[in-house]
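Hi everyone, thanks for making time for this. Let me put it on the screen.

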Amino acid sequence: MSERPSPPTWVRQAVDFGALIAFAGAFLFYRLNGLAGDEALVQATWFLVAGAAVAVAVGLVVERRLALMPLIVGGFALVFGLLTVLTQDDLWVKLKVTILNLSLSILLLGGLKMGKQPLKALLGTVIPINDRAWKILTLRYGLFFAAVALVNEAVRSEALVGWATGLLGYEDIDPADVWVSFRGVLWIASSVFGLSNMPLIFRNLQSETGDEAVTPPPGPNAAP
């Protein structure tokens, strides 16, 4: 019996990117129509909630499975997104980035310390690389997620953002505008970080045919 072919990787990438674009577009629309930054962020979060729901559906319908990483990311996005729109407080959508990345960092680094391969388990599909490469990837992603959590805490602090922008001579900048801009930069940084690990993956491939389509491990910051 022949194995079922894997779905094209661009499907989930298109869903994730589309949700982020819709979120940013909605935020810009509300801001241009006079809403304050925090109010615009709350309203735009509806698009992140919808994007998370679609991403979970893609995993079930298109990929016919639900890997642990998309489930965790989608679950966090749904829970914190709904908390944001129900309480009308943009704190929740900002906290999601910190809590999700910090949780993944602890899981990866803690599992690595225990001699496990948590990143391999999170992805749900096996990239054909040796155990040494998995350990290196796990360490890299664990540290990256920890750094993202720390930076997000700094960027979401209105007091710190106000102080920094004041030093630069931009005293009228809304902290919500800064955070949404950071969210876009974070998506790019996560994608670049994933691509930067491709040489490690290719150097440590364990393939009998060499025909596998290899993509960098997805991260929570390249999703809604």
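So, of the 224 residues in this protein, 41% count as buried. Please keep in mind that what you see is a predicted model. The protein exposes about 11900 Å², and 66% of that comes from carbon and sulfur atoms.

Now the fold. We have nine helices and zero strands, so if you read from the N terminus on, the elements go α-α-α-α-α-α-α-α-α. As for contacts, take those between residues at least 6 apart in sequence: 71% of them join residues at least 24 apart.

Here is the spot I promised. Please find the loop between α3, residues 68–87, and α4, residues 91–113; aspartate 89 sits there. Aspartate 90 is in the loop between α3 and α4 as well.

Buried or partly exposed: how does aspartate 89 count? It counts as partly exposed, because its relative accessibility is 31%. And what about aspartate 90? That one has 9% relative accessibility, and therefore counts as buried; the cut-off for buried is under 20%.

What does aspartate 90 touch, once we leave out residues up to four places away in sequence? Its partners are Asp38, Leu41, Val42 and Thr84.

Definitions and conventions
Residues are numbered from 1 along each chain as its sequence is written. This is a predicted model: local features need pLDDT of at least 70, side-chain atom pairs count only at pLDDT 80 or more; totals for chains, interfaces and linings use all residues. Side-chain values use heavy atoms; hydrogens and water are left out. Helices (H or I, at least four residues) and strands (E, at least two) are DSSP runs, numbered from the N terminus. Buried means under 20% relative accessible area, exposed over 50%, partly exposed in between (1.4 Å probe, protein chains only). Contact means heavy atoms within 4.5 Å. Accessible areas come from the Shrake-Rupley method with a 1.4 Å probe; for residues, only the protein chains shown count as cover.
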